[in-house]
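Welcome, and please take a look at the structure below. The notes that follow walk through it piece by piece.

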Amino acid sequence: MTDAISTGAFVRRAFSEPLPPPPSERGALGWVRANLFGGPLSAALTILSVALLVWMTPGLVRWLLIDAVWSAPDGDACRQAGTGACWAYVRAKLLFFTYGSYPRDMLWRVDLTLLIGAALAVWLLWPDAKRKGLGLVLFLVVYPYVGVMLLHGMGDVTRGLLASVARLTGSQSLADMAANALPVVGTHLWGGIFVSLLVATVGIVVSLPLGVALALGRQSKAPVVRFFCIVLIEVVRGVPLITVLFMANTMLPLFVPANWTPDRLLRPLIGVALFASVYMAEVVRGGLAAVPRGQYEGAMALGLSHWRMMRLIVLPQALTVVIPGIVNSFIALFKDTTLVAIVGIFDFLRAVDTQRLDPTWTGPTISTTGYVFAAAFYFVFCFGMSRYSLMMERRLSYGRKH
Amino acid sequence: MKFLAGTLAAVAAFSFGAITPALAQNPANASKTLEQVKARGVLACGSNPGLAGFGIPDEKGVWTGLDVDLCRAIAAAIFNDPNKVRFVPLTAKDRFTALQSGEIDVLSRNGTWTKLRETELGLLWTGVNYYDGQGFMVRKKLNVNSALELSGASICVQQGTTTELNLADFFRTNNMKYEGIAFATSAEAVKAYDAGRCDAYTTDASGLYGERLRLVNPDEHVILPEVISKEPLGPTVRQGDDQWFNLVKWVHFAKLNAEELGVTRANVDERLKSTNPEIRRLLGVEGDFGKPMGLTPDWAYRVIKHVGNYGEVFHRNVGDGSRLKIRRGLNNLWNKGGIMYAPPIR
C-alpha cells in the first residue's frame, strides 16, 4: 500500500477555477428565467402583466404627456377635441391648491412654518441625528407655538409682552412690531395642501404620545384609569370619523354660547387627533401584548420601577414590533384628512374639487386632470412614509436577529 | 358591561339635557345681529363651498358669485367696504345649523325657500335673489325649441332626487312619454348625455349652464326655456331680529330698484345730482331711509357704488359677462318680462 504514494506524483495545490453556470442560468437571460418565467403560473402572470402594460401605457403616455396642454391662459386650449391632461390648469391653480385663500402677500408665513416643520422632522426622523431630545422638545413645545403665531397671527398676550418690552427698552422698532407684525389670518382663509399637512401632522403628533398613554392606561391596575381609557377607546372607535366630524361641526355650536364656539378648523383637528389616538392605542396595545412576560419579570427582578420598566424595557420592544401598524395608521390618517372637506374645510382635495368648477377653466378633461394630480400627491406622501418605515424596521430589528 | 351601558346612558342624558334648552331659547340673542356685526367689524356670511356663478373662490382665494356679492353688498351698506366679509363655506348639511347657532349672520348660499324650512327651522328668507327651477338641455341639432316637444325622448337624470320626481310629474301632466335613464351622480348623468346615451339632460337650470361648460362641445347644446319646478333661492336670516331681516331684504331691493331706475356702478355719482325723486330717495339725497335699519342715509349709494345694481351683478357672475351665459328669464325685472319686483323706497 505504501508504494502507492509516490513522491514524484502530481498533487494539486489549489482548487481549479469553478466553471461558470450554463448560459441559460446566467446574466439577463438567467434573471428573466428565474424571476419572470420560473414556472407556468409565473410565466402566465408575466405575459398577462406585459400585455396589460402594452395595452395601457401608450394611451396613458399620450393622455398624460404628449396630448397634454402644458401652458395656456385659460381653459379654451384644453377644451379642444383630442387634448389630454390640462396641466396648464394645475399650474394656474397651484397656489390655491397649496395655500387655499391665504392672503397672497403673506404666503412666506406658511412657507416658513412648513420649512421649520420639515427641518425639525428631518432632525427627528434621521436615524443618525444627534440630540434628538432637544429636537423633540423644539418640535412638541416650541414649534406649535411658533407655528400658530406664524400661521394665525400674533396673539394678544405675545403682543402685550412685546409692547411692554418695547416700552422698557424704548425701542421704536419693537413697538412697531408689537402693533403690526403678523396680523391675524383667520382659519377661514386657510386651505390646500398646507391644511392637509397641518391636519395630518397634528393628528400624527398628538396620536403617538396620547395613543401610548391610552394603551398603558388600558393595562393599568388602577380601575378608574383603566375604565376611563376603555370607555374612551371603545366609544370613539365605535363611531365613524365622519360622525365625529359632523358632531363637532353641527352639534357643538348648539351646546356652547356663540362666542365660545371653537374655531371651524380647530373642531375637525380635535376630532381627527382624538380619532387617531384611539386607533394608535390599540396598535400599541398589540405591541405590548407581544412583549413576553419574561421581559416584565426580568425587569422587575432587576428592581426597576414601573415607569422605568416601561420606558427602558417594554415600550422599546413593543413599539419596534408595531412599527408597520403605526405607519399603517399614519398613512390611513393622512388619507382620512380628506374627510374634513365635508365640514367645509378647503383641504387639498376639496380645493381641487372646487376649482375644477371654475367657469374659466372647466371642461371635459379638467376634473380628471385635477384628480390625477391629487392622486399623485397622496401617493408620493404615502409611499414615502411606507419606505421610511421599512428602513426603520430593518434598523431597529437588528437586536432581535439571531 | 352593565356599568359601561349605564355610564353611556348617563352621558347621553346629560348631553341631551344640555341640548334642549339651547335649542328652545333663541340662540345668539337675536335683535342684536347688527350690533354684533359692527362690533366684530366684519360680516360673517355663509356661502356655498363651490358653485360656479353663485359662490366659488377663484385661484387667488377671492370669492365670486351672485350669492357672494349679496354679502358684499350688505357689508358695503354697513361698513362702506365690500371686503369686510368673512365667508364661511358651508355644506348643505351644516348650513342651517351654522345660522341657528349664530356662527354666521346671514346665509347666502342658493338655499331653496320652502315652507317647512321657514316654519320649522326658525329661519326667514328675506326674498329671492335668483328664481331657479328644473330645466332641460338638448343638442341643438335636434331642433327642439320647447320642453313640450320632448315626447318620446330619452332623458338622463340623477337618481333619487326631486329632479327625477318632477320629471315624471311634468311628462304625466302633459300626457307625454319619455324614457328616464337614471344615474347615481350628476357627473355620470352628464357624461352619459355627452356620450349620446340620452336626448336630453335635466337638473336645476342654474346647474345646467355650469354642466354645459364641461361638455366636449358646449356650443352644440342648448338649454330649453321651460322651467318645470319652483326653486326660489335667496338669503336667509334667523327669526327674531326684524331689524336685521329688513336690512338684508332692503339691500337686495335697493339693487333691484337701482336697476329699474338705471343707476349703475358707473353713473351712480353723477345720478346723485338727478332730479328724479325716486333716485334721490334711493341714493339718500332726500330723506333718511337708512336710520330705521341702523344705517347711514347713503346706504344704498354704497351698495351700488361698491357692488352694482342687480342687473350688473347678474351680468358679471352668471349672465353674458360670464362664461355661464344664463338668460335673465324669470330673473329679469318685472317690467322686462321677469318677476323681479321691488317695493318702492319712500
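Just past the end of H6(A), Gly153(A) adopts a positive phi of about 125°. Keep in mind as you read on that this is a predicted model.

Where does H6(A) have its kink? Look at Tyr143(A), where the helix bends by about 45°, shortly before the proline Pro144(A). Tyr143(A) is also one of the buried residues of H6(A), together with Gly135(A), Phe139(A), Leu150(A) and Leu151(A). Part of the cover over these buried residues comes from helix H5 (107-125) of chain A.

Most residues other than glycine have a negative phi. Against that background, Arg131(A) is worth a look: its phi is positive, about 50°, although it is not a glycine. You will find Arg131(A) in the loop between H5 and H6 of chain A. Is Arg131(A) buried or exposed? It has 10 C-beta neighbours inside 10 Å, so Arg131(A) counts as exposed.

Asn175(B) sits in the loop that links helix H6 (162-173) to strand E10 (178-183) of chain B. Asn175(B) counts as exposed because it has 7 C-beta neighbours inside 10 Å.

## Two helices side by side in chain A

Next, find helix H15 (residues 323-336) and helix H17 (residues 366-396) of chain A, whose axes come within 10 Å and cross at roughly 170°. H15(A) and H17(A) are therefore roughly antiparallel to each other.

Which residues make this contact? From H15(A) come Ile323(A), Pro324(A), Val327(A), Phe330(A), Ile331(A), Phe334(A) and Lys335(A). H17(A) answers with Tyr378(A), Phe381(A), Cys382(A), Met385(A), Ser386(A), Ser389(A), Met392(A), Glu393(A) and Leu396(A). Sorted by class, the contact of H15(A) with H17(A) has 12 nonpolar, 2 polar and 2 charged residues.

## Chain B as a whole

Now step back and view chain B. Its secondary structure comes to 13 helices and 13 strands, and its C-alpha atoms fill a box of roughly 80 × 60 × 40 Å along the principal axes. Chain B has 346 residues, of which 47% count as buried. Among the contacts in chain B with a separation of 6 or more, 70% are between residues 24 or more positions apart.

## Helices of chain B

Helix H3 (residues 66-79) of chain B is mostly covered, with 13 of its 14 residues buried. H3(B) reaches 20 Å from its first C-alpha to its last, close to the 20 Å expected at 1.5 Å a residue. After H3(B) comes Asn80(B), whose phi is positive, near 60°.

How do H9 and H13 of chain B pack? Helix H9 (residues 242-260) and helix H13 (residues 310-317) of chain B meet at an angle of about 95°, with their axes 7 Å apart. H9(B) and H13(B) are therefore roughly perpendicular to each other. On the H9(B) side are Lys255(B), Leu256(B) and Glu259(B), which meet Tyr310(B), Gly311(B) and Val313(B) in H13(B). The residues of this contact divide into 3 nonpolar, 1 polar and 2 charged.

## A buried threonine

Thr202(B) belongs to strand E11 (residues 200-204) of chain B. Thr202(B) counts as buried because it has 31 C-beta neighbours inside 10 Å. Leaving aside residues up to four places away in sequence, Thr202(B) touches Gln134(B), Gly135(B), Phe136(B), Ile155(B), Val157(B), Thr163(B) and Leu167(B). Glu35(B), in turn, is 167 residues from Thr202(B) in sequence and 44 Å from it in space, C-alpha to C-alpha.

## Where the chains meet

Finally, turn to the contact between the two chains. It takes 37 residues from chain B and 35 residues from chain A. On the side of chain B that touches chain A, the elements that give two or more residues are helix H1 (2-24), strand E2 (56-57), strand E4 (85-89) and helix H8 (205-213). The largest share of that side, 6 residues, comes from H1(B). By class, the side of chain B that touches chain A has 19 nonpolar, 10 polar and 8 charged residues.

Note on methods. Residues numbered from 1 in each chain as written. Chains lettered and ligands numbered in written order. Predicted model: local features only at pLDDT ≥ 70, side-chain atom pairs only at ≥ 80, totals over all residues. Contact = placed C-beta atoms within 7 Å. Helix = DSSP H or I, 4+ residues; strand = E, 2+ residues; numbered from the N terminus. Nonpolar A, V, L, I, M, F, W, Y, C, P; charged D, E, K, R; others polar. Axes fitted to C-alpha atoms, helices over the stretch in contact; angles between N-to-C directions. Parallel < 35°, antiparallel > 145°, perpendicular 65-115°, else oblique. Bend = angle between axes of the 7 residues up to and from the residue. Buried ≥ 20, exposed ≤ 12 C-beta atoms within 10 Å, placed from the backbone. Expected span 1.5 Å × (residues − 1).
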